[in-house]
Amino acid sequence: MSHLNSPVGILDSGIGGFSVVRQVQKLLPEENLIYFGDGAHIPYGNHSEETIVAMARYMFSALEEWGIKALLVACNTISCVVDRCEDTVSCPVFNAVQAGADAVSGLDVNKVGVISTVFTHNSHIYPQKILAQSPRKLVVLSCGCPDLARLVEHSLGDPAGMARVEENLRLELDHMVLEDRVDCCVLGCTHYPLVADSIRRLYPQLPLIDPAEEMARTLKAFLDREGLGSFRDQSGSLTIYTTGDVEEYGLRARQVGLERVAAVKYYKPMMV
């Protein structure tokens, strides 16, 4: 059973969910966090739906065993199939796609762009959720990026790698920004906020929507409403589990500014 000092779980296909951790640490510094990144199987967006569901349920089950009081599904690709995984945990589940749609619903815009993995794009979930929630008639343009998440995962801190990231950003975004002239762009993969500075440099007039910010606000509202917020007068810790490279995850956590990392541990990946 969840109690006040139970940890909050955050999961992603790789390091992208660090963008969500960063926002949660900023808004709720007293909470203990457990992060699970399935680095062995990135990018999730290139797997079949059945494989994505199986890998997600594997991570959900691990986090349930660690006694979390809430789960943030940072991975947009998993968010597309989250209804097939939620029965694996006993706590409330909040997902990135819903957060992104919620963030757009309050904006005064006419044309919305979304960049995401190919799987998320092909699911049409962002246009569906945004249009269902918007009181106005919007145009939602979606673009699936097959390589961007992988490039971000392995390029942070590497000038040559970041040059490839920016080349890929131009390939995916030029038409949306320069030709379609969207009013804003939803970063529909948690890897993308990690290179938001690059996007802003390439497209300085383009407002960016980061679902991670909305997820942190939604989590805080839930914890406040249910009386489940930590009452400690000290900052909480972050424990990171990964099926990928432990040293790389530790390095990336430092690079993106995550705080109070208690440990980075290896977790055996699911056989695919």
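View 1. Six strands, in the order β4-β3-β1-β2-β9-β10, form an open sheet with parallel pairing, where strands are DSSP runs of E of at least two residues and helices are runs of H or I of at least four residues, both numbered from the N terminus, and where two strands pair if DSSP finds at least two bridges between them. Because β4 (93-95) and β10 (261-266) stand at the edges with a single partner strand each, one side of each is left without a neighbour in the sheet. From one strand to the next the twist averages 15°, with axes taken as lines fitted to C-alpha atoms, for helices over the stretch in contact, and angles running from 0 to 180 degrees between N-to-C directions. This is a predicted model, in which local features need pLDDT of at least 70 and side-chain atom pairs count only at pLDDT 80 or more, while totals for chains, interfaces and linings use all residues. Residues are numbered from 1 along each chain as its sequence is written, and side-chain values use heavy atoms, with hydrogens and water left out.

View 2. Strand β3 (residues 70-73) pairs with β4 in the parallel sense over three bridges, and Val 73 stands opposite Asn 95 in β4. Helix α10 (residues 211-226) packs on the sheet and touches β1, β3 and β4, contact meaning heavy atoms within 4.5 Å; the direction of α10 makes about 165° with that of β3. Helix α1 (residues 18-27) lies across β1 (8-12), β2, β3 and β9 (238-242), and runs at about 170° to β2.

**View 3. The surroundings of Asp 38.** Asp 38 is found in the loop between β2 (33-37) and α2 (49-65). Leaving aside neighbours within four places in sequence, Asp 38 is in contact with several residues, including Asp 12, Ser 13, Tyr 44 and Thr 243. Asp 38 is buried, that is, under 20% relative accessible area, as against exposed at over 50% and partly exposed in between (1.4 Å probe, protein chains only).

**View 4. Strand β5 between its partners.** Five of the six residues of strand β5 (residues 111-116) are buried, so β5 is largely enclosed by the rest of the structure. Six bridges join β5 to the parallel strand β6 (residues 139-144), and five bridges link β5, also in the parallel sense, to strand β7 (residues 184-188). The bridge partner of Ser 116 is Gly 144 in β6 and Gly 188 in β7.

Terms used
Lys, Arg positive; Asp, Glu negative; His and termini not counted. Salt bridge = Lys/Arg side-chain N within 4 Å of Asp/Glu carboxyl O.
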